[in-house]
Amino acid sequence: MAEKGLFIEALPHGGVVTFLALVKEKELRPKRTGGWYLYLLLSDRTGELQAKAWDQPEQTAALFERDDIVKVRGALELYNDHPQLIVQRIRRCEAGEFQEADFCPTSPRDPEEMFRELLGFVDSVGNDYVRSLLQSVLNDPPVVTAIKVAPGGVRLHHPCRGGLLDHVTSVCHLAEKVIEHYPRLNRDWLIAGAILHDIGKVEELGTSRRLGYTTRGQLVGHVALGLEILERHVARVEGFPVEIKNMLQHFIVATTARSLEAHCGDRLRRKPLFSTTWMSSTPGWSRPGG
């Protein structure tokens, strides 16, 4: 693993430094005298630093992309009373050369452990159709890749790498507690709602270390994207009952599991979160154990 070097907040006011950083912005800009230079905004979990590469900017820009972790060497100087780095050497870091937590907020839980936990919840679903549907979603390579790193949100709602998976698994555990207190509820519905309610965020927020929205995520939103994901995987399960599909769509549109996590105590005191009809009498549904 490459040495991180100093964090940005601890960099000296001058001199030559070498450190690892996240590329938040990358842009070829015109020089006043003609030609181009490469502008970069570098960051880690402690701050940001502007950088410029004057020599061979096009060739340098081709070495890495936005959102990459890079190892950079350069001279620090003040420009308009702000520090900037004049890049001398820079290269893209490969996986295994750095720790994600050095560059952006990350969930305190291991994503692989959380994903195994989530698969365990799926395997415990009693209804064959719903279990097959959830297994299809969580065996889809783009979903698997994204759900392990996507944030739950960009500001207030689990705004960290792996935040979405942390949120979903916590809602599954909360569903188990609700079932203990309200055994009349159907566990399969609750687990399905917990897993699917925010599944569109794997495409809305994506995998960027900059914790932002994808272009399609900004235009469409996670509810519509979640419905698209559901539709794709329903089509892969032969004979999938329309009644169950309609209920799963409702979980995504109504974001039931999020409401469960945030407000279940108050809502359950006023009225059942799910009616007995929803939970046990939907055609085509078999409640676990009966």
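Guide: A word on terms before we start: two strands count as paired if DSSP finds at least two bridges between them. Strands (E, at least two residues) and helices (H or I, at least four) are DSSP runs, numbered from the N terminus.

Visitor: Thanks! And what sort of model is this?

Guide: This is a predicted model, in which local features need pLDDT of at least 70 and side-chain atom pairs count only at pLDDT 80 or more, while totals for chains, interfaces and linings use all residues. Residues are numbered from 1 along each chain as its sequence is written, and side-chain values use heavy atoms, with hydrogens and water left out.

Visitor: Good. How many helices and strands does the chain have?

Guide: The chain has 12 helices and five strands.

Visitor: And what do the five strands close into?

Guide: They close into a barrel with mixed pairing, in the order 1-2-3-5-4. From one strand to the next, the twist averages 50°; the angles are taken between N-to-C directions, on a scale from 0 to 180 degrees, with axes fitted to C-alpha atoms.

Visitor: Which way do strand 1 and strand 4 run, parallel or antiparallel?

Guide: Antiparallel: eight bridges join strand 1 (residues 15-30) to strand 4 (residues 69-79). A21 has V70 of strand 4 as its bridge partner, and L22 stands opposite I69 in strand 4.

Visitor: How many bridges join strand 4 to strand 5?

Guide: 10 bridges, with strand 5 covering residues 82-92, and those two strands also run antiparallel. E77 is bridged to Q84 in strand 5. The hairpin of strand 4 and strand 5 has two residues between the strands, and N80 takes a positive phi near 55° there.

Visitor: Switching to helices: what does helix 2 span?

Guide: Helix 2 (residues 111-123) has 13 residues and reaches 18 Å from first to last C-alpha, close to the expected 18 Å. That expected span is 1.5 Å times one less than the number of residues.

Visitor: Which residues of helix 2 are buried?

Guide: M114, F115, L118, F121 and V122, where buried means under 20% relative accessible area, exposed over 50% and partly exposed in between, with a 1.4 Å probe and protein chains only. Seen down the axis of helix 2, the buried residues fall within an arc of 110°, so they line one face; the arc is that of the directions from the helix axis to the C-beta atoms. R116 and D123, on the other side of helix 2, are exposed.

Visitor: What covers those buried residues of helix 2?

Guide: The cover includes helix 3 (128-138), helix 4 (141-147), helix 5 (163-181) and helix 6 (187-196), judged by contact, meaning heavy atoms within 4.5 Å.
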